Amino acid sequence: IDNYDGNTKLYSVYPTDDSNADDLSLSDIEDLAVGLQSNLSNILKVNKWIRKYIIIDDIIGKTQEAIETNVNTNYKLSYNDFSTKKKIKQLNAAKQMIEKFNKQIRLKHLIKEVIPLVHAEGNYVACLRWDSNQEVYLVDHYPLGIAIVSDYTYGGKPIILIDMSELKSRLRKTYLKDKKNKALFVENEEKEIKENFPDEVYQAYKNNESYAKLNVKCAKIIRVNNLGRKYGVSPILRALKSALMLQTYENGDYINTKAKSKKIIFQKMRKETMGKDYQLSGIKHTIKAHTDLMSAWKNKTVVYTAIPQVEDLSYVEPSVEDTNADKINTYRSKIMTTLGIGFADSNISNFSVANISLDQLMKTINSISEQLEECLEDWYEVLFENEGVDKEFIPEIQILDSEIMDMELRKELAKLLYTTFNGSAETSLGLLGINAVDEKAKRQSENEEG
């Protein structure tokens, strides 16, 4: 443990991404929704549309942005309580190892990346890997398509496969070189896979296998709305129907606005211009009237005296009305409700002045955090196995809720529980984000040190 290095020295790679997305229709959404959690191809199509709407739709985009900027990256570790000096010494060493490990895998950054991406795409595949000396640890993210969920689980946990054909296809590129013709990063595809992926992937590459089976302790998938099936589905999918309707209305209003902005002037000629029997074309008088009007129109102040053959001069404006504002607000409200954003006051129908409640959205975020906690505890177990440390020192991790109460309210509630209702110290301190067992151990250590 004393020799454990906390500095990350491993490379990772960004695979290329197929970002082309066909136009979306209401029937597309309904068709793809059937059996979606078991169909990877349809999941990938849905996620392309969702990424597009995160960029172009104001409510969906702002919701995703709010999640990314407000994710709570704080966490607390809870260890078993030990009484002997030897165990306490071993526990302190294990705590240092966990601290360095969390720093290596950039845990705070990982939390901030995983939660928004699972909300946006419904899935996040992550894999823990380390160098040959078991000194440097790193967590990689594998996009769906490269990573697929197998038809099997081990110990109730999904087994993740790497599609070697898809991996090689998305790694295919021109490798950058300097002026001396030396590779800036790696020389070829084989070295890229060897340096950036677990050994089981490299062995599958060398043996020309179709799939590589990843270690179930290291490769994890975090999902939402998977309904007990292989793949999760983003909550944003349910908002796409309303977003599509809004886009349709917006496109129609845009066309109408363009039409209204055009100046259409109608100059009506008298029918007598065509002669008594209407046999003449009247083109000479029409050209004269048109030329006079255009000449006058060029001036800053338009003075136009029509020839006698002109009967009337008028503007022609489109009579189409813009989409009703109430209809627009109805669909915008539907999107917000679908994304877990509600109105704190149900009597307020205008969301522009309403108090917004994020309770449902925060519950979704917290459900993702709980899955990440389980992944981290499995990775801690791998770390302790590699380092030869007893598993009894593995901590439980809790990523603090996004639904954070005001600190003053927390303090008052903790005081009420402990003094008035004679509640336990563990419950009261827990409200303040303090682990009672850890606090007890620290106090004992301080007392022994004087």
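# Briefing: buried sites, core and helix packing

Asn 102 sits in helix H4, which covers residues 85-104. Helices here are DSSP runs (H or I) of at least four residues, strands (E) runs of at least two, each numbered from the N terminus. The model is predicted: local features need pLDDT of at least 70, side-chain atom pairs count only at pLDDT 80 or more, and totals for chains, interfaces and linings use all residues. Residues are numbered from 1 along each chain as its sequence is written, and side-chain values use heavy atoms, with hydrogens and water left out.

**The chain as a whole**

- The protein chain contains 15 helices and 12 strands.
- Of its 450 residues, 39% count as buried. Buried means under 20% relative accessible area, exposed means over 50%, and partly exposed lies in between (1.4 Å probe, protein chains only).
- Take the contacts between residues at least 6 apart in sequence: 68% of them join residues at least 24 apart. A contact means heavy atoms within 4.5 Å.

**Around helix H4**

- Asn 102 has a relative accessibility of 4%, so this residue counts as buried.
- Beyond residues up to four places away in sequence, Asn 102 touches Tyr 75, Leu 77, Leu 107 and Tyr 380.
- Lys 85 is also placed in helix H4. Its relative accessible area is 68%, so Lys 85 is exposed.
- Lys 85 and Ser 445 are 360 residues apart along the chain, yet their C-alpha atoms are separated by 9.5 Å.
- Arg 106 lies in the loop between H4 and helix H5 (107-121). Arg 106 is not a glycine, but its phi is positive, at about 55°.

**Thr 73, in a loop**

- Thr 73 is found in the loop that runs between helix H3 (58-70) and strand E1 (75-78).
- Thr 73 counts as buried because its relative accessibility is 16%.
- With neighbours within four places in sequence set aside, Thr 73 contacts Lys 108, Ile 111 and Lys 112.

**Nonpolar core**

- The largest nonpolar core holds 96 residues. Such a core is a set of buried Ala, Val, Leu, Ile, Met, Phe, Trp, Tyr and Cys residues joined through side-chain atoms within 4.5 Å.
- Helix H12 (residues 359-387) supplies the largest share of this core, with 12 residues.
- Ile 60, Ile 162 and Leu 240 have the most contacts inside the core.
- Ile 60 is in contact with Tyr 53, Ile 54, Ile 236, Ala 239, Leu 240, Ala 243, Ile 335 and Leu 339, leaving aside neighbours within four places in sequence.

**Leu 376 in helix H12**

- Leu 376 belongs to helix H12. With a relative accessible area of 0%, Leu 376 is buried.
- Not counting residues up to four places away in sequence, Leu 376 touches Ile 105, Leu 107, Leu 110 and Ile 397.

**Cysteines**

- A disulfide is a covalent bond between the sulfur atoms of two cysteines. The structure holds 0 disulfides, where the criterion is a pair of cysteine sulfur atoms within 2.5 Å.
- Cys 127 is in no disulfide, and its nearest cysteine sulfur, that of Cys 218, is 5.7 Å away.
- Cys 218 is likewise in no disulfide, with the sulfur of Cys 127 as its nearest.
- Cys 127 is buried, at a relative accessible area of 1%. Cys 218 is buried too, at 3%.

**Helix H6 against helix H8**

- Helix H6 (residues 164-171) packs with helix H8 (residues 199-206) at an angle of about 90°, and their axes are 11 Å apart. Axes are lines fitted to C-alpha atoms, for helices over the stretch in contact; angles run from 0 to 180 degrees between N-to-C directions.
- H6 is therefore roughly perpendicular to H8. Angles of 65 to 115 degrees count as roughly perpendicular, under 35 as roughly parallel, over 145 as roughly antiparallel and the rest as oblique.
- H6 contributes Met 164, Leu 167 and Lys 168 to the contact, and H8 contributes Val 201, Ala 204 and Tyr 205.
- These contact residues divide into 5 nonpolar, no polar and 1 charged. Here Ala, Val, Leu, Ile, Met, Phe, Trp, Tyr, Cys and Pro count as nonpolar, Asp, Glu, Lys and Arg as charged, and the others, Gly among them, as polar.

- Asn 208 lies in the loop between H8 and strand E6 (211-213).
- Its phi is near 55°, a positive value in a residue other than glycine.
- Asn 208 is exposed, with a relative accessible area of 62%.
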